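Here is a short briefing to read alongside the structure. Take a look at the model first, then work through the topics below.

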Amino acid sequence: MDERCKNVPIKVCCNEMANVIMLNDVRESILFFDDEPKGSPDRFQIWWKDCDCTPLVYCPTCGRKVEELE
């Protein structure tokens, strides 16, 4: 497993976002690139089982912008 799959400092905005952060049979993990500046669309990415990555900028269910915990 990639070392970037550490505890992801994302504010949970809704119950579904908590599910997004957790692993399941489709997602491998959430990658956290702490070398990217805060607010960068590449700071958090969903890592899929097929090894593809998708930027995580907005909550996939409620649409709120992803907020990083301090």
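The structure holds one aromatic pair. The ring centres of phenylalanine 32 and phenylalanine 44 lie 5.3 Å apart and their planes meet at 20°, so the pair is stacked. Please keep in mind that this is a predicted model.

**The aromatic pair**
- The pair links distant parts of the chain, with phenylalanine 32 in strand β1 (residues 27-32) and phenylalanine 44 in strand β2, 12 residues apart.
- Phenylalanine 32 counts as buried because its relative accessibility is 8%, under the 20% cut-off.
- Phenylalanine 44 is buried too, with a relative accessible area of 5%.

**The largest pocket**
- The volume of the largest pocket is about 150 Å³.
- Phenylalanine 44 also belongs to the lining of this pocket, and other lining residues include Lys38, Arg43, Leu56, Lys65 and Glu67.
- By residue class, the lining divides into five nonpolar, two polar and five charged residues.

**A charge over a ring**
- Lysine 65, one of the residues lining the largest pocket, has its charged end over the ring of tyrosine 58, 5.5 Å from the ring centre.

**Cysteine 51**
- You will find cysteine 51 in the loop between β2 (44-48) and β3 (53-55).
- Although cysteine 51 is not a glycine, its phi is positive, at about 75°.
- For context, most residues other than glycine have a negative phi.
- Cysteine 51 counts as exposed because its relative accessibility is 59%, over the 50% cut-off.

How values were computed:
Residues are numbered from 1 along each chain as its sequence is written. This is a predicted model: local features need pLDDT of at least 70, side-chain atom pairs count only at pLDDT 80 or more; totals for chains, interfaces and linings use all residues. Side-chain values use heavy atoms; hydrogens and water are left out. Helices (H or I, at least four residues) and strands (E, at least two) are DSSP runs, numbered from the N terminus. Buried means under 20% relative accessible area, exposed over 50%, partly exposed in between (1.4 Å probe, protein chains only). On a 1 Å grid over the protein atoms alone, a cavity is a set of points where a 1.4 Å probe fits but cannot get out, and a pocket is an open set with protein on both sides within 12 Å along at least five of seven lines; lining residues have an atom within 4 Å of a point. Grid points are joined across faces, edges and corners, and a volume is the space filled by probe spheres set on the points. Ala, Val, Leu, Ile, Met, Phe, Trp, Tyr, Cys and Pro count as nonpolar, Asp, Glu, Lys and Arg as charged, and the others, Gly among them, as polar. Rings of Phe, Tyr and Trp (its six-membered ring) pair if their centres lie within 6.5 Å; planes under 30 degrees apart count as stacked, over 60 as edge-to-face and the rest as tilted. A charge sits over a ring if NZ of Lys or CZ of Arg is within 6 Å of the ring centre and within 35 degrees of the ring normal.
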